[in-house]
Amino acid sequence: MHTEEKLVYELTRKRIKNINLRLRRDGTLAVSAPRWVSAAEIDRFVQSRAGWAARARARLAAAQERPAPPAPIELPVTLTDAECMAVFRPWLDRWAPVFAAAAGGEVQIRLKTLKSMWGVCRPARREITLNRRLAMQPAAAVEYVVLHEYLHFVHPDHGKAF
């Protein structure tokens, strides 16, 4: 036998067209409704969404029980700049001539230990900065990043054309 429990919610009247039901992070329900809708109609609407509310609360509880993902491990860079450049050089030599006209001259390559990017292109400065950690990645990843950064001389952003 199923006893129907009345859902408790906080109501806000607004200049809107529809009744909206939201589950807050603390598990409470919030309803916003047009000024002209009766309280009885709002109650009926909320009760008709009882199944959704129960499922949403279960998802919220499961998400809160899940442990936080571990912080990314920052590998120490064990290679010298010369060793990094030895890894990058074949790909730089391959793609530099292809993009020479678009770059408008020789491109300066810089190395840095970056926290959240594999590479950065500054087309106005004709400069590509590569993450030293990239040299410790598979060759396909190195080629992808070098090509990606050179492509920024043609398309400086990540829009559709890129």
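**Strand pairing and nonpolar cores in a predicted model**

Strand β1 (residues 9–14) runs parallel to β3, and six bridges join the two. The structure is a predicted model, in which local features need pLDDT of at least 70 and side-chain atom pairs count only at pLDDT 80 or more, while totals for chains, interfaces and linings use all residues. Residues are numbered from 1 along each chain as its sequence is written, and side-chain values use heavy atoms, with hydrogens and water left out. Strands (E, at least two residues) and helices (H or I, at least four) are DSSP runs numbered from the N terminus; two strands pair if DSSP finds at least two bridges between them.

Strand β2 (residues 20–23) pairs with β3 in the antiparallel sense through four bridges, and L21 lies opposite V31 of β3. Five residues separate the strands in the hairpin of β2 and β3, where G27 adopts a positive phi near 90°. Strand β3 (residues 29–34) is mostly covered, with six of its six residues buried (under 20% relative accessible area, 1.4 Å probe, protein chains only).

A nonpolar core is a set of buried Ala, Val, Leu, Ile, Met, Phe, Trp, Tyr and Cys residues joined through side-chain atoms within 4.5 Å. The largest contains 20 residues, of which F88, L92, I128, L130, V146, Y150 and F153 touch the most other members. Two or more residues each come from α3 (81–103), β6 (127–131) and α4 (139–151), and α3 gives the largest share, eight residues. A second, separate core has 11 residues, including L29, V37, F45 and A53.

Terms used. Buried < 20%, exposed > 50% of the residue type's maximum accessible area, 1.4 Å probe, protein only.
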